[in-house]
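Open the model in your viewer and keep the selection tool at hand. This tour goes from stop to stop.

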Amino acid sequence: MIDPISVCLRTLRHIETITIHKADKNNITVVQNKKDYANEGERQLNDGIHYIEIPEINIKNTMNKINEIVYNMNKDNYLDEITFKYIKYENQYITTPFAYFLPKIHKLDNEILKDIYKQQTEIKIQVPARPIISQCNGPLERIGRYLDFFLLPIVKTQTTYISDTGSFIRLLEKSKIETDTLLVTYDITSLYTNLRFSEIIAALNSVTGIYENLEYNIIKPSFDYLLQQLSQ
């Protein structure tokens, strides 16, 4: 039996004027005009605030800087053999990281959504999107995974840490909330692109003591080496 959904998707993939990707939330598939998708990307990259255009990309230079730190860590006995082989770059294929955008259809106005669901008229809207910089096969991919291994446990020690919606609900279920309590939510626009590097380093310096007391199942590097990697 032929699955009509599979046939439909295969047909859509051959239409060059559209792009198919998942939405930012709710595991929904979005079919979007390629021109609209590109316009949203251009709008964000050219906002003059979060991104700047550089005349030349030298990913080999970035790779060499990472390797210099990695080899120094190995010389100072902060890396076991397996980890050293994993995060160093030698004769490996690397490519320039690229940006893609996940449509935030959950941010659309409810009245607009109602009109869309009615399908009474064609509605032209600009769908906002979440920018993602893919580091797959990029010069920072492996060192990024290495940093995440050591930094995530620090994040989890913070009293404000919530991993996902499920953990937030479980936290509420365990909490005693008075009947006159006012619950307030807020959203931050472009959270990660608005983080200042100096503030990130300052936040990490404030948890040095927590890091020193954590135990890991591989050799723990000095905190200075973690900061050096973050600076690249």
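**Ground rules.** This is a predicted model: local features need pLDDT of at least 70, side-chain atom pairs count only at pLDDT 80 or more, and totals for chains, interfaces and linings use all residues. Residues are numbered from 1 along each chain as its sequence is written, and side-chain values use heavy atoms, with hydrogens and water left out.

**Stop 1: the core.** Select V70, L79, Y146, Y211 and L226. These have the most contacts inside the largest nonpolar core, which has 22 residues. Such a core is a set of buried Ala, Val, Leu, Ile, Met, Phe, Trp, Tyr and Cys residues joined through side-chain atoms within 4.5 Å. Buried means under 20% relative accessible area, exposed over 50%, partly exposed in between (1.4 Å probe, protein chains only).

Now colour helices 3 (59–75), 4 (81–87), 6 (141–156), 8 (197–205) and 10 (223–230): each gives two or more residues to this core. Helices (H or I, at least four residues) and strands (E, at least two) are DSSP runs, numbered from the N terminus. Which helix gives the largest share of this core? Helix 6 does, with 6 residues.

**Stop 2: Y211.** Centre on Y211 and show its contacts (heavy atoms within 4.5 Å). Beyond neighbours within four places in sequence, Y211 meets F150, I154, Y216, K220, P221, S222, F223 and L226.

**Stop 3: the rings.** Ring pairs join Y211 with Y146, F149, F150, Y216 and F223 in a cluster. Rings of Phe, Tyr and Trp (its six-membered ring) pair if their centres lie within 6.5 Å; planes under 30 degrees apart are stacked, over 60 edge-to-face, the rest tilted. The structure holds 10 aromatic pairs.

Next, select Y78 and Y225. Their ring centres are 5.6 Å apart and their planes at 75 degrees, so the pair is edge-to-face. Y78 sits in the loop between helix 3 and helix 4, Y225 in helix 10, 147 residues apart. Y78 is partly exposed at 25% relative accessibility; Y225 is buried at 9%.

**Stop 4: K88.** Move to the loop between helix 4 and strand 3 (98–103), where K88 lies. Is K88 buried or exposed? At 15% relative accessibility, K88 counts as buried. Leaving out residues up to four places away in sequence, K88 touches N67, V70, Y71 and R142.

**Stop 5: helix 7.** Finish at L171, in helix 7 (residues 165–174). L171 is partly exposed, at 45% relative accessibility.
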